Amino acid sequence: MKPLKIQSYELCHTGMVRDHNEDAVVSLPGQGLWAVADGMGGHARGDYASQAVISSLLDMTLAHEAHVGGQLNSIQRVLEQTSQLLISKAQEISEQTIIGSTVVVMVIDGNNLGIFWAGDSRAYRLREGQLTQLTTDHTVANELVRAQGFNREDARSAQDAEALTTAVGASVFTPERREDKTHPGDRFCLCSDGLNKVVPDWEIESVLNRRQGPEPAAQQLLDLSLDRQATDNVSIIVIDHL
């Protein structure tokens, strides 16, 4: 049973520097599914990759599972298939070509929450005024912290610190997932790194704490990123569990 009292709003913007948009989003509050995909910059056909991810999720919603765990299983299956498709497309160009995309997906069923992600697109939760990042960035820097015990400052200065360690279409597709509970009053934000690269978490928290609906909240976050010259595409979805 999907929650009846859900409101959401999504924005997907090219930014101030890029000449095209390699992000893609889907927002289906009636089905309890939202997602952001960010085509891998510097690689071939990032826009194709992100659109392929979103299209596969849209197809999946035609056969919704009865519970969040089942939905996450379905998401993993379809994105594994999409990853193989992107690898095959890339190999048609050359053995070195990568056609890939990050993804973060959120599903809500009643008070059950599921999140599935690969790459550095993020999911945040605002609860009782406090912002929490629910995902972990799949980057070289974060892997140095998690697996090798680096402190964050040293990890951020490492070679290729921002490079992704997994993505849909990459040779290594090792997504993560989590299940949790959501409460009335929770607010969520999904975003591509075009937002959090220029707007720090404390400022995202400040905007999300304002007494306003998801549309003005998303717009204000976008405006902040554009004011800071948004060097990347910016995608934002704000979801309120009323």
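Helix α6 (residues 201–208) lies across β6 (122–127), β7, β9 and β10, running at about 130° to β7. Angles run from 0 to 180 degrees between N-to-C directions, with axes fitted to C-alpha atoms, for helices over the stretch in contact. Helix α7 (residues 214–227) packs on the sheet and touches β1, β9 and β10. The direction of α7 makes about 25° with that of β1. Touching, or contact, means heavy atoms within 4.5 Å.

The model is predicted: local features need pLDDT of at least 70, side-chain atom pairs count only at pLDDT 80 or more, and totals for chains, interfaces and linings use all residues. Residues are numbered from 1 along each chain as its sequence is written, and side-chain values use heavy atoms, with hydrogens and water left out.

The chain forms seven helices and 10 strands. These are DSSP runs numbered from the N terminus: helices are H or I of at least four residues, strands E of at least two. Five strands make an open sheet in the order β1-β10-β9-β6-β7, with antiparallel pairing. Strands pair if DSSP finds at least two bridges between them. β1 (6–13) and β7 are the edge strands, each pairing on one side only. Neighbouring strands in this sheet are turned by 15° against each other on average, direction ignored. β9 (residues 187–191) and β10 (residues 234–241) pair over five bridges. C189 has V238 of β10 as its bridge partner.

Of the 242 residues, 51% count as buried, that is, under 20% relative accessible area with a 1.4 Å probe, protein chains only. The largest nonpolar core has 26 residues. Such a core is a set of buried Ala, Val, Leu, Ile, Met, Phe, Trp, Tyr and Cys residues joined through side-chain atoms within 4.5 Å. L57, I75, L79, V103 and V105 have the most contacts inside this core. α2 gives the most to the core, with seven residues. Apart from this core lies another, of 21 residues, among them L11, C191, I204 and L222. Beyond four places in sequence, V103 touches residues including V36, V53, L57, L79 and F116.

T135 sits in the loop between β7 (130–133) and α3 (140–148). T135 counts as buried because its relative accessibility is 4%. A polar atom of the T135 side chain lies 3.2 Å from the backbone nitrogen of A123. Leaving aside neighbours within four places in sequence, T135 contacts V104, I115, W117, S121, R122 and A123.

Key. Buried < 20%, exposed > 50% of the residue type's maximum accessible area, 1.4 Å probe, protein only. Polar contact = N/O pair within 3.5 Å; in protein donor to acceptor, adjacent residues only side chain to side chain.
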